[in-house]
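Reader: I would like to go through the labels attached to this model and ask what lies behind each of them.

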Amino acid sequence: MDLDLWMERALAEARAAAKHDDVPVGAVIVDIDTEEVIAARHNERELTSDPTAHAELLAIRDAAAVVGSWRLARHALVVTLEPCPMCAGAAWAARIPIVVFGAADPKAGAAGTLYNFAADPRLNHNAEVIRGVNAEECAELLEAFFRTRRQA
């Protein structure tokens with residue numbers, strides 16, 4: 001698994017989000033068997049005025065359409081920021097077995113930081129979580145975005 005390559009693709013998506021004033025978060029869905037990226041999206045909440053338009057949710061929707069099934073049991077979610085409860089719940093619902101993220105989210109992280117949807121024994125599906133891939137670059141992108149917003 002080329003985690004760095006996948007995260008670079010997610011970072012490219014995150015940079016695209018900032019161009020339309022969305023929080024720079026990017027996500028990709030990768031076919032584990034072929035290592036092909038089948039979906040790549042970024043946050044579009046500001047662009048679409050949709051509170052559910054998180055990068056992860058959009059990528060999961062696109063991947064399900066590509067696969068032709070809601071079950072993404074042979075796919076990995078790679079995202080620049082730790083998924084929030086909504087996005088971790090969507091990954092759980094899609095049966096995604098691997099979640100990879102860059103920067104941890106102490107305010108809303110649901111893959112181990114604040115909550116852990118990936119390893120809750122009360123749920124009927126668990127996922128492997130790989131955290132901290134290109135974490136510094138992912139965090140710096142977010143920090144720079146919010147730094148410019150505070151200065152404005």
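Author: Let us begin with Thr80, which in this predicted model touches Met7, Ala10, Leu11, Ala14, Pro24, Val25, Gly26, Gly102, Ala103 and Cys138, not counting residues up to four places away in sequence. The place of Thr80 is in strand β3, residues 75-81.

Reader: Why is Thr80 called buried?

Author: The relative accessibility of Thr80 is 2%, and buried means under 20%, so Thr80 counts as buried.

Reader: What makes the pair Arg149 and Asp21 a salt bridge?

Author: The closest N and O atoms of Arg149 and Asp21 are 3.7 Å apart, and a salt bridge requires a side-chain nitrogen of Lys or Arg within 4 Å of a carboxyl oxygen of Asp or Glu, so the pair qualifies. This pair links distant parts of the chain, 128 residues apart, with Arg149 in helix α5 (residues 135-151) and Asp21 in the loop between α1 and β1.

Reader: How do you know that Asp120 is buried and that Arg122 is exposed?

Author: Asp120 has a relative accessible area of 16%, whereas Arg122 has 73%; since buried means under 20% and exposed over 50%, Asp120 is called buried and Arg122 exposed.

Note on methods
Residues numbered from 1 in each chain as written. Predicted model: local features only at pLDDT ≥ 70, side-chain atom pairs only at ≥ 80, totals over all residues. Heavy atoms only, no water. Helix = DSSP H or I, 4+ residues; strand = E, 2+ residues; numbered from the N terminus. Buried < 20%, exposed > 50% of the residue type's maximum accessible area, 1.4 Å probe, protein only. Contact = heavy atoms within 4.5 Å.
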